[in-house]
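Student: I have a structure to look at, and I would like to learn how to read it. Can we go through it together?

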Amino acid sequence: MDNQLLEQVRHYWNTRPCNIRHSTSPIGTKEYFDEVESRRYANEPHNYTFPEFERWKGLRVLEIGCGIGTDATNFARHGAVYTGVDLSAASIELAKKRFQVFGLAGTFVECNAEELDRVFSNGEKFDLIYSFGVIHHAPNPARVVACLNNLLAPGGEIKCMLYAKDSWKNILINADWDQPEAQDNCPQAVTYSKQEADDLFRFKGGFADIVVEQDFIFPWNIEHYVKYKYVKQPWFAAMPPELFKIMERALGWHLMITAKL
């Protein structure tokens with residue numbers, strides 16, 4: 001295990017948990033959490049549809065990288081028996097606060113996802129193991145994926161988003177026109193082709209039934225976006241919505257992976 005990189009990743013997300021600036025309301029208030037959720041799903045609608053929150057009522061859900069609890073809240077609202085893990089203590093603290101504010105039940109564990117087999121060593125099984133944009137930040141993503149098989153209940157499934165190598169955003173990153181995250185100096189963000197994502201779950205995870213889909217191009221002018229104004233980049237503003245959707249399916253930043261044993 002690369003302990004130095006692990007600590008860099010931990011520090012990065014403790015310093016600025018994901019989506020923490022999605023609201024101008026006081027952090028930890030109901031208004032703050034509502035605005036964070038609204039902005040996240042408005043900008044990434046597939047992030048709301050991909051988990052299929054309503055499917056998991058009464059079932060056991062493990063989220064790897066719960067962050068400040070946006071998806072966690074929706075799993076719990078829909079009746080899932082929810083457990084969330086995260087490397088970032090700051091994120092876990094806000095996720096717990098969020099559940100308290102909304103009167104939701106769930107379990108949160110601060111841990112390294114590469115050690116899930118040790119964290120859940122008492123035979124715990126989950127009907128869904130979900131992770132949206134997290135595993136690619138681990139020092140060894142394959143080690144995380146290798147833990148999942150033994151944690152999955154019979155008939156269960158994995159839903160995971162990883163960053164796409166063959167994407168519009170990665171083209172810009174490679175040209176030094178963009179970066180993986182909103183904040184600078186992300187210590188680790190591995191990208192995958194569709195085939196590499198399939199291979200990761202098939203050969204490292206032991207999954208046989210794998211579907212990989214692609215979506216999401218961020219269309220907004222970032223200088224306006226950080227001020228909570230939505231102005232598209234001119235080349236996207238001029239593009240018909242149907243063409244933009246075709247482009248997202250071919251060059252989106254998000255690979256959505258569904259895997260079953």
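What follows is a short talk through the overall build and then a few single residues.

Tutor: Keep in mind from the start that this model is predicted.

Student: What does the secondary structure of the chain come to?

Tutor: Count the helices and strands. The chain has 12 helices and 8 strands. The radius of gyration is 18 Å, close to the 18 Å from the globule rule for 261 residues, so the chain is as compact as a globular protein of that length.

Student: What box do the C-alpha atoms fill?

Tutor: Along the principal axes, the C-alpha atoms fill a box of roughly 55 × 40 × 40 Å.

Student: How much of the chain is buried?

Tutor: Buried means under 20% relative accessible area. Of the 261 residues in the chain, 52% are buried. The chain exposes about 12,400 Å². Carbon and sulfur atoms supply 52% of that area.

Student: How do I read the contacts in the chain between residues at least 6 apart in sequence?

Tutor: Ask how far apart in sequence the partners are. Among these contacts, 74% join residues at least 24 apart.

Student: How many charged side chains are there, positive and negative?

Tutor: There are 28 positive and 34 negative side chains in the chain. The centres of the two sets lie 3 Å apart.

Student: Now a single residue. Is Asn170 buried or exposed?

Tutor: Use the cut-off again. Asn170 has a relative accessible area of 8%, so it is buried. Asn170 sits in helix H8, which covers residues 168-174.

Student: Which residues does Asn170 touch?

Tutor: Leave out residues up to four places away in sequence. Asn170 then touches Ala164, Lys165, Thr191 and Trp253.

Student: What should I know about phi?

Tutor: Most residues other than glycine have a negative phi. Asn185 is one case: its phi is positive, about 65°, although it is not a glycine.

Student: Where is Asn185, and is it buried or exposed?

Tutor: Asn185 lies in the loop between H8 and strand E6 (191-192). Its relative accessibility is 70%, so Asn185 counts as exposed.

Student: What is the phi of Phe216?

Tutor: Phe216 has a positive phi too, of about 80°, and is not a glycine. Phe216 is placed in the loop between strand E7 (209-215) and helix H10 (222-225).

Student: Does Phe216 count as buried or exposed?

Tutor: Phe216 counts as buried, because its relative accessibility is 8%. Asn185, by contrast, is exposed.

Definitions and conventions: Residues numbered from 1 in each chain as written. Heavy atoms only, no water. Helix = DSSP H or I, 4+ residues; strand = E, 2+ residues; numbered from the N terminus. Rg over C-alpha atoms; globule rule 2.2 N^0.38 Å. Buried < 20%, exposed > 50% of the residue type's maximum accessible area, 1.4 Å probe, protein only. Contact = heavy atoms within 4.5 Å. Areas by Shrake-Rupley, 256 points an atom, 1.4 Å probe, with all protein chains shown as cover. Lys, Arg positive; Asp, Glu negative; His and termini not counted. Charge placed at Lys NZ, Arg CZ, Asp CG, Glu CD.
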